[in-house]
Amino acid sequence: MTGNLAVVGAQWGDEGKGKVVDLLSDRFDVVARYQGGPNAGHTVTFDGRRHALQHIPSGVFRKDARIVIGNGTVLDLAKLISELDTLIAGGIELDGRLYISDRAHVILPLLARIDAVREALLGDAAKIGTTQRGIGPTYEAKAARIGLRVGDLADRAALVEKIRSLVEGEPGRRLRLGGEDPGDPEAIADEAFAHGRRLAPFIADTGLLLNDWMDDGRCILFEGAQGTLLDLDHGSYPYVTSSSTVAGGLCGGLGVSPRRVHAIAGVFKAYCSRVGSGPMPTELLDGPEGFGETLRKRGREYGTVTGRPRRCGWFDGVAAAYANRINRFDAVCVMLLDVLDTLDEIPVCVGYRLDGRAVRSFPPVVADAQRIEPVYERLPGWKRDTTGARRWEELPQAAQRYLDTLGTVIGAEIALVSVGPDREQSILKPGGPLA
């Protein structure tokens with residue numbers, strides 16, 4: 001595959017996008033992330049070492065790739081600097097490679113605290129299940145036109161006034177209602193200004209750079225965060241993130257034309273998982289000895305950022321087809337196939353019934369989505385270890401049949417299969433769209 005490629009999560013996030021981006025990034029000149037913030041943890045494993053990233057695109061470990069954090073992201077400056085320092089200490093060169101958009105919005109500490117206050121006020125029954133890192137309040141401030149952008153960090157005097165307006169305005173009011181002090185504008189500005197000076201060598205007009213590089217014939221790998229079913233418009237609202245996670249979101253999130261996206265790869269787990277609240281039709285609520293716990297333990301289903309245990313269930317083909325309909329995948333990547341190696345039988349959801357009638361798509365109303373009855377096709381397991389497979393034909397016939405079934409219900413061609421966490425435990429399908 002030549003040209004510019006978007007890598008998009010196709011479920012509820014945590015699908016394994018970081019591994020896909022890392023694996024493919026040696027084919028591209030630039031890796032650019034277009035949305036989300038430190039709520040989105042990507043994990044990359046190679047040479048037996050596991051690397052967790054939050055802000056930085058997963059292509060950072062390919063030494064020749066340029067790395068872009070786009071205007072559609074939101075940044076926790078202290079966490080970003082810590083992440084940079086960890087990479088530099090590990091021998092990763094960033095000078096002349098990393099570019100941070102001057103239009104990206106900043107997660108101020110007072111905005112991060114709003115998340116925790118809000119979730120506490122909602123209570124267990126109604127809470128969204130956010131990571132409480134200030135992502136939502138920062139995107140809210142952006143939409144309300146009162147947010148702070150990376151480009152604002154260079155002028156301390158103006159910075160103080162912008163932060164004062166947040167402290168004295170609606171964000172500060174919310175904190176005070178929750179019994180919290182929003183903080184001193186001068187002190188907040190001093191910290192943000194210092195962070196800005198530390199990041200100054202990396203700050204740039206990334207939209208201009210990306211378009212210049214594409215004009216020069218360079219190829220871009222566009223990296224998304226979270227997943228399609230968490231998209232603000234198309235996900236299981238209101239149990240969603242605060243940005244556009246679908247392929248179309250990259251155009252606004254990076255400042256590039258849709259005409260410059262040449263192909264889209266959707267990333268799925270071989271089953272489903274979800275963190276936080278919200279409907280999940282194929283979730284397994286079968287207790288500590290059931291398949292849900294088996295999937296959780298074998299897949300190490302705990303959040304990269306939060307450490308929270310993920311809810312697990314069978315592959316949801318209806319939701320997968322819905323994700324394909326929105327994004328129109330040219331290639332499908334199926335991750336964590338090896339997690340299913342021990343199972344005798346593997347159900348795949350191929351239909352929904354709601355109040356006794358068939359429905360074709362993921363319902364927009366939460367109350368309906370929570371009443372969905374999955375219709376399953378049951379496939380034989382392969383009962384063999386797949387972690388050593390490196391070629392398609394080395395996979396058991398039953399595993400190949402399972403993958404073919406997923407491709408059929410998704411409605412797109414499978415191109416890549418992952419059979420373990422390491423970079424090398426990956427299979428590109430011969431003749432496939434990513435081969």
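Residues are numbered from 1 along each chain as its sequence is written. Because the model is predicted, local features need pLDDT of at least 70 and side-chain atom pairs count only at pLDDT 80 or more, while totals for chains, interfaces and linings use all residues; side-chain values use heavy atoms, with hydrogens and water left out.

Let us start with the charged pairs. The structure contains 26 salt bridges, each being a side-chain nitrogen of Lys or Arg within 4 Å of a carboxyl oxygen of Asp or Glu. One of them joins Arg 164 to Glu 161, with 3.8 Å between the closest N and O atoms. Both residues belong to helix H5 (residues 156-168), where they sit three residues apart, about one turn of the helix. Helices (H or I, at least four residues) and strands (E, at least two) are DSSP runs, numbered from the N terminus. Arg 164 has a relative accessible area of 25% and is partly exposed, and Glu 161 is also partly exposed, at 48%. In these terms, buried means under 20% relative accessible area, exposed over 50%, and partly exposed in between (1.4 Å probe, protein chains only). Arg 164 and Glu 161 also take part in a network of salt bridges that links them with Arg 156, Glu 186 and Asp 190.

A second pair is formed by Arg 311 and Glu 283, whose side chains meet in a salt bridge at 2.9 Å, N to O. Arg 311 lies in strand E13 (residues 311-313), and Glu 283 in the loop between strand E12 (272-274) and helix H10 (291-298), so this pair ties together parts that are 28 residues apart in sequence. Arg 311 is buried, at 17% relative accessible area, whereas Glu 283 is partly exposed, at 22%.

In a further salt bridge, the side chains of Arg 371 and Asp 368 come together at 3.3 Å, N to O. Arg 371 is partly exposed at 36%, and Asp 368 is partly exposed at 23%.

Next comes the threonine. Thr 138 is found in helix H4 (residues 135-143) and is buried, with a relative accessible area of 1%. Its side chain reaches the backbone oxygen of Gly 134 at 2.6 Å. With neighbours within four places in sequence left aside, Thr 138 is in contact (heavy atoms within 4.5 Å) with Val 74, His 105, Val 106, Ile 107 and Leu 111.

Terms used: A polar contact is a pair of N or O atoms within 3.5 Å; within protein, one must be able to donate a hydrogen and the other to accept it, and residues adjacent in sequence count only if both atoms are side-chain atoms.
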